[in-house]
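Please read this briefing alongside the sequence and the 3D view.

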Amino acid sequence: MIDILPYPLIVDQDELCEALEVGYVARLGVLATGQRGTAKSTTIRAFSMMAFGDLPVTLPMGVTDDRVLGGLSVDALLGPEPVEKWQPGLLEKASATGMLYIDEVNLLEDHIVNLVLDTAASGIVTFPRDNADRPPTQIQFALVGSMNPDEGPLRPQLLDRFSLVVGVEGRGDREARAKILHNLLEYELHRDDPASPYMQVLHRENAAKRKQLEEARKRYRSVTVPDDAVAACARIAEEFHLVGHRGEMVMLRAARAAAARAKRRQVTVEDVRKVAKPALVHRRPNVDSGSPRPWGNDEEKRLTAAVGGER
Amino acid sequence: MNPAEAGDLLACAALDPALGGLLFLDAGGRTLDRYAASLATAMTVAGEPRPAVVHLDSASSEEELWPHWAVAFRGGALFARAAGRLSEAPDAPPPVIVVPDLARVGSAVLRAAVATLGADVVHVERHGISERWRPAARWVVGCARRDVPMLSPHLLDRFPIRCAGPYRGEPEVRAVDPAARQARPRTPPAVVEMIARTMPAPASTRRCLALARTARALARLRHGQTVREADVVRAAELFGLSPARPASAPPAVEPAPPARLPAAASLGEPPSVVDGPDELAELPASSEAQPARPADLEPARRYPEDDEEAVPQPYALRWGTPGPAGSRITGTIIGHDPAGSARDLAVVPTLLRALRRSRLRRNAGPLRLARDDLRQNRREQRSRRLLVLVVDHSCRRDWDCTPGLAEHLRWAYDQAAAVSIIELGHRGTAHDLRPEHYRARTVIDPRLPAAFDREPGGATPLAAGLDQAAQELRRSMHRGWAAVDVARLVVVTDGRGNVPLAASASGRVTGPVARQGIDDALAIAAVIARLQRVEARVVAPDLQQYPTLPAELAKAMGGRLTVVADPADLP
């Protein structure tokens with residue numbers, strides 16, 4: 001059994017947790033980018049354990065294309081009665097759960113990135129290998145990734161496939177550190193005893209959070225977007241010179257998810273404002289470097305002005 | 001590091017797999033072997049096998065590190081699933097991995113260290129094999145102190161425990177008895193706080209956790225129920241740190257078992273410490289004192305990457321240090337051919353062929369391979385040369401730059417180099433303040449001649465063009481299998497950039513720009529100068545105004561300047 005620090009014990013990751021939850025409700029992808037040791041992977045895995053009850057379907061460094069798309073099972077061919085049995089690839093597996101996690105996404109080989117991009121763009125996976133007689137299959141998953149920008153940028157096309165991008169920064173102050181240490185050490189003290197009161201509390205908190213998110217997912221479809229929220233989206237898009245319309249669409253879907261999460265039936269302009277940063281930080285023109293430029297006070301002022309309708 | 005310190009550290013690493021990354025500064029191969037053997041001894045549980053000691057070096061490939069299919073001769077030849085050198089099985093102790101020189105190891109090993117050390121889980125998805133496990137291998141790694149600043153900080157963070165020489169004598173291996181393995185000491189809030197204060201900012205969380213876990217492991221070694229301040233003091237010594245003074249509150253004492261009663265509210269709040277028997281009486285008085293710190297234990301010397309002057313090799317995990325020629329199988333698989341050797345066999349095509357033959361002959365039972373069945377992967381051969389061409393049309397007017405470009409275009413043709421073109425400052429551009437960028441597979445791409453036949457425009461976003469060139473070079477040269485060996489950057493310009501980088505980014509010019517566009521271009525040129533395996537060239541017209549700008553740019557890029565005079569100006 002592989003245990004992961006439970007989601008309720010994650011400290012100092014409010015923005016990432018919020019993006020993951022909004023992404024879960026609206027089925028949007030999330031990229032966590034940040035310096036080393038900021039618990040990006042742990043947070044994503046903890047979220048997956050909470051939301052799906054298992055580790056995420058993971059596309060690791062060094063993955064081969066047969067494992068991405070699927071192929072004939074070698075084990076079945078080597079068995080006592082050899083048969084041609086299909087072994088589903090990670091894209092198909094991710095479609096079953098709804099989430100594909102790519103750890104160290106900027107270290108992925110180019111041809112694997114191409115496979116993921118093609119599938120994410122078309123929503124269809126084809127199987128051009130092993131003489132397989134399989135029809136193209138429709139798949140859908142939210143792409144979740146983590147990366148350390150020190151190790152190089154992402155291709156712009158792949159960056160664009162992440163609906164929301166969160167820059168993860170450890171606060172580094174003593175209080176936050178002490179709390180991280182405390183949570184982790186206490187968890188490691190109790191993790192071998194799932195029946196302990198400590199673990200039971202965590203289990204209940206995870207279950208409550210999962211229930212909340214499930215309800216928000218159900219509510220999401222019925223959340224309406226009034227004209228003022230749509231207008232705010234359009235003004236923000238204009239202010240930030242967005243290329244194409246994916247940015248606005250993501251903003252609206254994320255704002256609806258934020259409203260659903262807050263148990264509301266209607267999006268507010270404040271919802272749009274809250275999700276604008278993760279939806280747009282990587283969509284501003286000339287982010288060709290593949291690493292989002294910092295979002296500073298200037299951007300916040302422009303966002304406030306655009307939301308308020310000031311020109 | 002004296003034998004007692006080494007013994008303590010190895011015992012802690014043996015007890016807690018999360019302390020598995022040990023970096024020995026300036027240690028030779030024999031020292032590492034000695035320490036690895038001692039660690040394996042400390043990890044050995046009575047009555048169980050001793051952990052394997054596995055050596056990795058620059059020739060270690062991804063294929064051998066992770067689980068793979070090997071040809072096994074049993075009757076007829078069959079494929080068999082083989083464990084990788086980093087594989088861990090539930091019924092075997094985790095291995096001790098030895099890397100003699102982290103600065104000279106191949107990228108496969110560097111990537112494996114990042115994927116494995118301190119990770120919650122390792123995933124392997126290769127050639128039909130899908131495995132995952134919680135990594136518990138310990139890594140004993142050597143590196144010269146002078147080389148550490150050049151390594152990736154991302155990688156170095158996986159090695160929070162640093163050992164500094166001189167390495168005197170044999171490590172005093174402490175017995176890790178069953179009671180120590182069973183012990184689960186609690187870390188009281190005051191001690192947690194002391195640990196947080198001991199690790200100097202801005203150390204990463206991993207270092208802080210390693211210190212806490214080392215203190216806890218020391219408590220386990222003495223069968224304590226509580227981690228004490230003395231454990232933190234000792235752990236800090238082992239890390240080469242000055243321990244923070246204990247909190248002013250009364251010293252923590254052992255809680256009376258079973259005092260573990262976390263409630264929902266306690267998950268966010270440190271639990272209260274329950275009074276219990278005072279173990280402090282057992283402590284030698286000296287343990288509470290602030291020990292004098294030897295000169296070689298300064299954190300800056302153990303963590304040279306924290307120094308502001310440290311310049312790590314960019315994107316080392318993509319690029320790394322290549323192994324010996326021919327040792328790596330590279331390139332995307334694009335098909336398969338009959339095999340001429342047993343190297344890089346295509347497993348599924350081989351088995352399918354054997355299956356078909358078996359069905360024709362109506363053979364029952366497991367497949368048996370014949371020589372004719374063997375298929376080998378056919379891999380894409382990619383160009384490993386790249387020409388990045390930055391063309392500033394605003395300087396061209398009636399000037400023909402092609403004589404200065406001829407040698408570079410010929411080089412690209414001869415080398416079958418891929419070409420990346422960045423154009424700026426022409427009248428037909430979609431956005432005056434931004435460059436345009438596209439890629440061609442070869443220099444004979446039909447778009448290339450058109451790139452030398454455009455009308456000059458007014459704005460010259462040279463800085464943004466160079467920035468894109470720098471990104472392109474990094475992206476192309478440091479991407480795993482597709483890595484380019486040598487790139488040539490050729491910039492056609494008079495150096496007179498009049499659009500600051502910020503204006504290109506925002507798409508607006510606000511206020512006077514003065515020299516900002518030129519200064520930004522020079523700053524980015526200096527970044528390009530630091531890229532390795534890049535040959536930079538500037539091709540410039542012979543101008544009366546600002547004649548030194550192209551030379552300044554070439555100098556900043558660490559490249560060569562070629563001035564091409566307009567034939568009309570020649571006597």
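Which residues of H6(A) are buried? They are Asp110(A), His111(A), Ile112(A), Val113(A), Leu115(A), Val116(A), Leu117(A) and Thr119(A), where buried means under 20% relative accessible area, exposed over 50% and partly exposed in between, with a 1.4 Å probe and protein chains only. This is a predicted model, in which local features need pLDDT of at least 70, side-chain atom pairs count only at pLDDT 80 or more, and totals for chains, interfaces and linings use all residues. Residues are numbered from 1 along each chain as its sequence is written, chains are lettered from A and ligands numbered from 1 in the order in which they are written, and side-chain values use heavy atoms, with hydrogens and water left out.

**Helix H6 of chain A**
- Helices (H or I, at least four residues) and strands (E, at least two) are DSSP runs numbered from the N terminus.
- Helix H6 covers residues 110-122 of chain A, and because its 13 residues at 1.5 Å a residue should span 18 Å, the 18 Å between its end C-alpha atoms agrees; the expected span is 1.5 Å times one less than the number of residues.
- Just after H6(A), Gly123(A) adopts a positive phi of about 70°.

**Nonpolar cores**
- A nonpolar core is a set of buried Ala, Val, Leu, Ile, Met, Phe, Trp, Tyr and Cys residues joined through side-chain atoms within 4.5 Å.
- The largest such core has 201 residues, of which Ile236(A), Leu102(B) and Trp139(B) touch the most other members.
- Helix H8 (residues 205-221) of chain B gives this core its largest share, 10 residues.
- A second, separate core of 30 residues includes Ala469(B), Leu489(B), Leu522(B) and Ile524(B).

**A sheet in chain B**
- Five strands form an open sheet in the order E2-E5-E8-E1-E9 (chain B), with parallel pairing; two strands pair if DSSP finds at least two bridges between them.
- Strands E2 (53-55) and E9 (161-164) of chain B stand at the edges with a single partner strand each, so one side of each is left without a neighbour in the sheet.
- E2(B) pairs with strand E5 (residues 96-99) of chain B in the parallel sense over 3 bridges, and in E5(B) the bridge partner of His55(B) is Val98(B).

**Confidence**
- The predictor gives the complex an ipTM of 0.91 and a pTM of 0.76.
- Chain B averages a pLDDT (the predictor's confidence in each residue, from 0 to 100) of 82, and 83% of the residues score at least 70.
- Within chain B, confidence is highest in E5(B), at 97, and lowest in helix H11 (residues 316-319), at a mean of 62.
- Where pLDDT is low, the predicted coordinates should not be read in detail.
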